Amino acid sequence: MKYAIVILDGAADYKIGQLNNKTIIEAATTPILDMMAQQGMVGLARTVPEGMEVSSNAACTSILGYDPVANFIGRGAIEAAGQGIELAPDEIAMRINTLTILDGNMASYAGGNISTADSTAIVTRLAEHLNDDTFTFYPGKAYRHILVAKGYPEVMNLNYTPPHDISDMPIGLDELPNGQGEDARPLLEMMAHAHEILKDDPTNARLVEAGELPITDIWPFWPGTASQNLQSFKEAYGLRASMTSSVDLLRGMADLFGINFLEIDGVTDGLDNDFGAQADGAIDAIKNDTADLVIIHVEAPDEMGHQGDIEKKLKAVELIDHKIMSRLFAYAKQLESTEDSPGFRILAMPDHFTPISSRTHEDDPVPFLIWGDGIKENGARVYSEEEAMRTGLLLDPNGYEVFKLLTGS
């Protein structure tokens, strides 16, 4: 059997008044997903156990069939792995956003959707001024970067607020990284120094002149240490897997789980993503017999949810259906018509909710769809959150068992 997993990052949502009280998935035109729902198995799965931070870290770990509690790795460490950063035992990796704070408010957790080139120039300059025996900066993609702290174990015990959780909100002491007494001081002082350096940054000056938002601050969060004794995907399931994604988190997960990462041109986190290229690259991995299972992670719905943009989030879901699900469906039919077909199954699901109303991640169980050889229908009429609930199939608390439903393992 061959398999494809499509992760519609953050696509799940609540009812929206402007959409006639429908969710994004309900309002989107998704004929392939709806057809597959009618012919397949639809249900709900809790991908983020109660009490865990709601992020793609735990959620995507669940989708890949791993218990996110037993196999917990701090997200910063996963993203560091995605950049090829090897952590020493006394090092902790944190994600940092280059972002914009204006008049004490989180004006843009993504720094006005800054380009990778501009953001890299800014972080490189910060590294020249701030790298020392404790802190080291590593440029990443767009607004997402890595800060490694050495010999500073206290950062693991600080309290952090992801910046996308406080979009357009005032920033007080409770939102800044903080802990007990002196524990937070080195990190807060470094952030303050970065703020002063950014005031005179030449890239910022050019951004302001062009009418774009400047990067005023850096924001560390999601600390993590190097993983220990993690079972590879091949060891766990006997399957060769390949993955495509635009974000370092998923690249890091691929590295840690021994999954081949597909380098595909045009893969981004926005609506300019080449959705078709992601599907074609994944299908080619199966055709070329380099993978038994492919994972297609699409970041765009999550980004549009964080931005609170209804139309763009709708468009992202529709593009997944039109350019990814359609190709996978066509490939399944092609396989079906050949002699000695190995069989093909598809799992499609968000990793978590990123509602337009809150613009941050929520831990509600997400709707999943499994379609393909040997999968029996369970009465769904369309693919949606409400229809998934109506089928009565609920994987809670162990949402990671959705992988067992896909593979029969």
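Helices (H or I, at least four residues) and strands (E, at least two) are DSSP runs, numbered from the N terminus. The model described here is predicted. On this assignment, the secondary structure of the chain comes to 14 helices and 13 strands.

The overall dimensions were computed next. The chain has 409 residues and a radius of gyration of 21 Å; this agrees with a compact globule, because such a globule would have a value near 22 Å. Along its principal axes, the C-alpha trace spans about 65 × 50 × 35 Å. Buried residues make up 57% of the chain. Contacts were then sorted by sequence separation. Of those with a separation of 6 or more, 73% come from residues 24 or more positions apart.

The accessible surface of the chain comes to about 16,400 Å². Carbon and sulfur atoms hold 47% of that area. There are 29 positive and 63 negative side chains. The centres of these two sets lie 7 Å apart.

In soluble globular proteins, nonpolar side chains tend to be buried together. The largest nonpolar core in this chain has 96 residues. Within this core, Ile-324, Met-325 and Leu-328 touch the most other members. Helix H12, residues 310–336, gives the most to the core, with 12 residues. A second core is separate and has 38 residues. Among its members are Leu-99, Leu-130, Ala-184 and Ile-197.

Helix H2 covers residues 31–39. Its buried residues are Ile-32, Leu-33, Asp-34, Met-35, Met-36 and Ala-37. These buried residues pack against strand S1 (2–8) and strand S2 (41–45). They also pack against H12, strand S11 (344–349) and strand S12 (366–372).

Ala-58 lies in helix H3, residues 56–63. The relative accessibility of Ala-58 is 5%, so Ala-58 counts as buried, the cut-off being under 20%. Leaving aside neighbours within four places in sequence, Ala-58 is in contact with Thr-47, Met-52, Glu-53 and Pro-68. Ala-58 and Lys-315 are 257 residues apart in sequence. In space, their C-alpha atoms are 26 Å apart.

Backbone geometry was examined last. Most residues other than glycine have a negative phi, and most peptide bonds are trans. Several exceptions fall in loops. Asn-21 is not a glycine, yet has a positive phi of about 60°. The place of Asn-21 is in the loop between S1 and helix H1 (24–27). Arg-359 also has a positive phi of about 60° and is not a glycine. Arg-359 is found in the loop between S11 and S12. At 23% relative accessibility, Arg-359 counts as partly exposed, because that class runs between the 20% and 50% limits. The peptide bond from Asp-396 to Pro-397 is cis, with omega near 20°. Pro-397 sits in the loop between strand S13 (394–395) and helix H14 (402–407).

Definitions and conventions. Residues numbered from 1 in each chain as written. Predicted model: local features only at pLDDT ≥ 70, side-chain atom pairs only at ≥ 80, totals over all residues. Heavy atoms only, no water. Core = buried A, V, L, I, M, F, W, Y, C linked by side-chain atoms within 4.5 Å. Buried < 20%, exposed > 50% of the residue type's maximum accessible area, 1.4 Å probe, protein only. Contact = heavy atoms within 4.5 Å. Rg over C-alpha atoms; globule rule 2.2 N^0.38 Å. Areas by Shrake-Rupley, 256 points an atom, 1.4 Å probe, with all protein chains shown as cover. Lys, Arg positive; Asp, Glu negative; His and termini not counted. Charge placed at Lys NZ, Arg CZ, Asp CG, Glu CD.
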